[in-house]
Amino acid sequence: MKSIGILGAGQIGSAFAQLLARHQIPAVIANSRGPASLAELVKALGPGIRAGTREEAAAQDIVLVAVNWSKLPTALAGLPDWQGRIVIDANNPIEAPLFQPLELGGRLSSEIVAELVPGARVVKAFNHLKVALMTSDPHAEGGRRVLFYSGDDAPARAEVGDLIDQLGFFGIDLGTPAVGGQLAQFPGGPLLALNLAKFG
Ligand SMILES: NC(=O)c1ccc[n+]([C@@H]2O[C@H](COP(=O)([O-])OP(=O)(O)OC[C@H]3O[C@@H](n4cnc5c(N)ncnc54)[C@H](OP(=O)(O)O)[C@@H]3O)[C@@H](O)[C@H]2O)c1
């Protein structure tokens, strides 16, 4: 089984960790303040999720990155080569307290994230639902709650799709960033924040 790292242990990082823990999938989670600061969180999550350093989390086969947009360059700086490992980009270019969309000069947010993780295969996922919908039962409305994902590398998309499936959601592959990234891009992507379920 592929190993999983989580960079960012706030709302989205810990929600993803909670989903993994629920399905007995181990992972290492990191924030900016070091493993000791995550002791309470990992205790609450259970034995499969351990706190690690930023470098440890980033060394896993699949690494979900969920960090405040303006802190991404620091969070991803100075890490060893990604060597084709998968980065799940859960980030959106918006930040508290203003929640104003940031100016990206017409670029996709996933292109900007991809530049920060050279050599990684980036799949955008876990970015389009509010955190409460990520952690609540994906079968709550009947069917399976839908999660969208997109990225340039088809095998990487398939791996993330498998993980989404294991977590109980129905994954929909939106294809390349040029197509799928636009659909789930913040702001304006038509699929953002929709709580959709697949029946049958
Ligand atoms: N919240 C949502 O509903 C939601 C939904 C979809 C997507 N998103 C996106 O997901 C991303 C994270 O959002 P969030 O709500 O989870 O934010 P958050 O609760 O503020 O958590 C951010 C995390 O990033 C970590 N971090 C910051 N700088 C770091 C560094 N240099 N190295 C390692 N870790 C660092 C923080 O660690 P420290 O606490 O130690 O600083 C914290 O654990 C954002 O891009 C956001 O747009 C959020």
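Helices and strands in these legends are DSSP runs, numbered from the N terminus, and the model that they describe is a predicted one.

**View 1. Gln83, a residue with positive phi in the loop between α4 (72-75) and β5.** The phi angle of Gln83 is near 45°, a positive value in a residue that is not a glycine. Most residues other than glycine have a negative phi. Gln83 counts as exposed because it has 7 C-beta neighbours inside 10 Å, and a residue is called exposed if that number is 12 or fewer.

**View 2. Gln24, a residue with positive phi in the loop between α1 (11-22) and β2 (27-30).** Although Gln24 is not a glycine, its phi is positive, at about 55°. The C-beta neighbours of Gln24 inside 10 Å number 9, and Gln24 therefore counts as exposed.

**View 3. The cis peptide bond from Ala96 to Pro97.** The omega angle of the bond that leads from Ala96 to Pro97 is near 0°, and the bond is cis. Most peptide bonds are trans. Pro97 belongs to the loop that runs between β5 (86-89) and α5 (109-116).

**View 4. The cis peptide bond from Phe186 to Pro187.** Here the peptide bond joining Phe186 to Pro187 is cis, with an omega near -5°. The loop in which Pro187 lies is the one between α8 (177-183) and β9 (197-198).

Terms used
Residues numbered from 1 in each chain as written. Predicted model: local features only at pLDDT ≥ 70, side-chain atom pairs only at ≥ 80, totals over all residues. Helix = DSSP H or I, 4+ residues; strand = E, 2+ residues; numbered from the N terminus. Buried ≥ 20, exposed ≤ 12 C-beta atoms within 10 Å, placed from the backbone.
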